[in-house]
Amino acid sequence: MSTGHPDGAVAARSLSDHQRHIVPHVMVYVFATVPALALVAAVPLAWGWGLSWLDVGLAVVMYVISMLGVTVGFHRYFTHGAFRARRGLRIALAIAGSLAVQGPIRHWVADHRRHHAHADAEGDPHSPWLFGTTPAALVRGFWHAHMGWIFEREMTNQRRFVPDLLADPDVGRVHRAFTVLTIASLFGPAVIGGLVTMSWWGACTAFFWAGLVRVAVTHHVAWSTNSICHMVGERPWRARDRSTNVWLLAIPSMGESWHNLHHADPTSARHGIGRGQIDISAWVIAAFERLGWATDVRRPTPERLAKLART
Ligand SMILES: [Zn+2]
Ligand SMILES: [Zn+2]
């Protein structure tokens with residue numbers, strides 16, 4: 001995988017020679033893949049007694065709903081205003097995003113707006129580049145960007161970063177309902193699994209796979225946008241930070257891993273631009289537009305893209 005070399009005006013800020021160190025490079029792949037492979041290895045072991053098609057179906061449905069709630073809702077709509085949404089869609093997106101258990105909506109949006117305001121510089125809540133560029137510093141940076149940052153007790157200033165959401169009573173209700181929505185997200189599949197199989201065991205396996213495992217996978221995929229998509233990958237667009245495009249994560253992240261274009265043009269409803277850049281969130285936004293639920297969808301013009309392209 002190419003690491004890409006910033007050029008021109010960006011060169012003065014560039015630290016890309018250090019990306020070629022093999023130790024942090026390998027560590028990123030180890031952290032990103034080994035736990036996932038362990039999980040995949042557990043599937044055949046559990047199949048038939050601790051995992052059923054019902055569990056798989058519930059997990060996939062919950063994954064898609066909660067992930068799109070974050071990518072289309074929390075991220076592209078609430079954080080960046082990539083389109084306008086009717087009230088029903090707005091509330092549904094806020095609830096769906098809360099089911100991903102990544103924090104209440106106002107905290108999520110405030111942290112993410114702060115990330116863009118200070119991307120990969122002092123003040124960014126989750127940049128992997130804050131500790132230096134030695135191999136040890138990059139391992140620490142990866143951990144911090146991926147999940148270490150969520151353990152910080154300092155909360156992003158909502159009055160500064162999300163005054164619009166503080167003034168929105170619908171968002172306020174969903175924000176305050178976060179605990180209830182978390183319980184629903186984890187135990188809702190258990191209730192369905194128990195009722196369909198009419199057994200406590202069916203409730204247990206649905207809770208484990210469609211509740212716990214599904215939330216863990218959505219967490220790691222979402223966090224990978226903060227860690228992997230600021231460390232390794234392609235940089236075809238002129239972003240003022242170290243964001244990258246990572247094709248491998250395009251489908252599980254619902255298009256969010258085209259993260260270099262996103263930082264170059266944050267209000268665009270589409271992050272995947274160009275041939276083969278699958279962006280499921282952008283397709284969903286287009287579907288909402290055709291249904292009349294979303295309007296004023298922002299998409300970059302060819303002229304703008306020509307300006308943003310690095311080559
Ligand atoms: Zn970013
Ligand atoms: Zn963003």
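According to an unreviewed UniProt entry, the feature "transmembrane region" falls at residues 26-50, 56-77, 89-109 and 198-217; UniProt positions follow the numbering used here, feature names are shortened, and annotations may be inferred rather than shown by experiment. The model described here is predicted, so that local features need pLDDT of at least 70 and side-chain atom pairs count only at pLDDT 80 or more, while totals for chains, interfaces and linings use all residues. Residues are numbered from 1 along each chain as its sequence is written, and chains are lettered from A and ligands numbered from 1 in the order in which they are written.

Two of the annotated spans can be described in terms of secondary structure, where helices (H or I, at least four residues) and strands (E, at least two) are DSSP runs numbered from the N terminus. Residues 56-77 are 100% helix and 0% strand, and the C-alpha atoms at the ends of this span lie 29 Å apart.

Two helix pairs were examined for packing. In general, two packed helices are described by the angle between their axes and the distance between the axes. Axes are lines fitted to C-alpha atoms, for helices over the stretch in contact, and angles run from 0 to 180 degrees between N-to-C directions. Helix α2 (residues 53-79) packs against helix α4 (residues 105-117) at an angle of about 60°, the axes being 10 Å apart. The arrangement of α2 relative to α4 is therefore oblique, given that angles under 35 degrees count as roughly parallel, over 145 as roughly antiparallel, 65 to 115 as roughly perpendicular and the rest as oblique. The crossing of α2 and α4 is right-handed; a crossing is left-handed if the near helix is turned anticlockwise from the far one by less than a right angle, and right-handed if clockwise. Phe74, His75, Phe78 and Thr79 of α2 make the contact with Ile105, Trp108, Val109, His112 and Arg113 of α4, where two residues are in contact if their C-beta atoms, placed from the backbone, lie within 7 Å. By class, this contact of α2 with α4 comprises 5 nonpolar, 3 polar and 1 charged residues. In this classification Ala, Val, Leu, Ile, Met, Phe, Trp, Tyr, Cys and Pro count as nonpolar, Asp, Glu, Lys and Arg as charged, and the others, Gly among them, as polar.

In the second pair, the axes of helix α9 (residues 178-197) and helix α10 (residues 200-226) come within 7 Å and cross at roughly 150°. Helices α9 and α10 are therefore roughly antiparallel to each other, and their crossing is right-handed. Residues of α9 in the contact include Phe187, Pro189 and Ile192, and those of α10 include Trp200, Phe207 and Val215. The contact of α9 with α10 has 12 nonpolar, 7 polar and no charged residues.

The loop between α9 and α10 contains Met198, which has a positive phi of about 50° although it is not a glycine. Met198 counts as exposed because 8 C-beta neighbours lie inside 10 Å; a residue is buried if 20 or more other C-beta atoms lie within 10 Å of its own, exposed if 12 or fewer, and partly exposed in between, with C-beta atoms placed from the backbone. A positive phi, near 60°, is also found at Asp120, another residue other than glycine. Asp120 is located in the loop between α4 and α5 (135-146) and, with 21 C-beta neighbours inside 10 Å, counts as buried.

Leu130 likewise belongs to the loop between α4 and α5, and its 18 C-beta neighbours inside 10 Å make it partly exposed. Apart from neighbours within four places in sequence, Leu130 is in contact with Gly141 and His144.

Leu166 lies in helix α7 (residues 163-166) and is partly exposed, with 14 C-beta neighbours inside 10 Å. When residues up to four places away in sequence are not counted, Leu166 touches Arg106, Gln158 and Arg159. Leu166 and Arg106 are 60 residues apart in sequence, and their C-alpha atoms are 7.7 Å apart.
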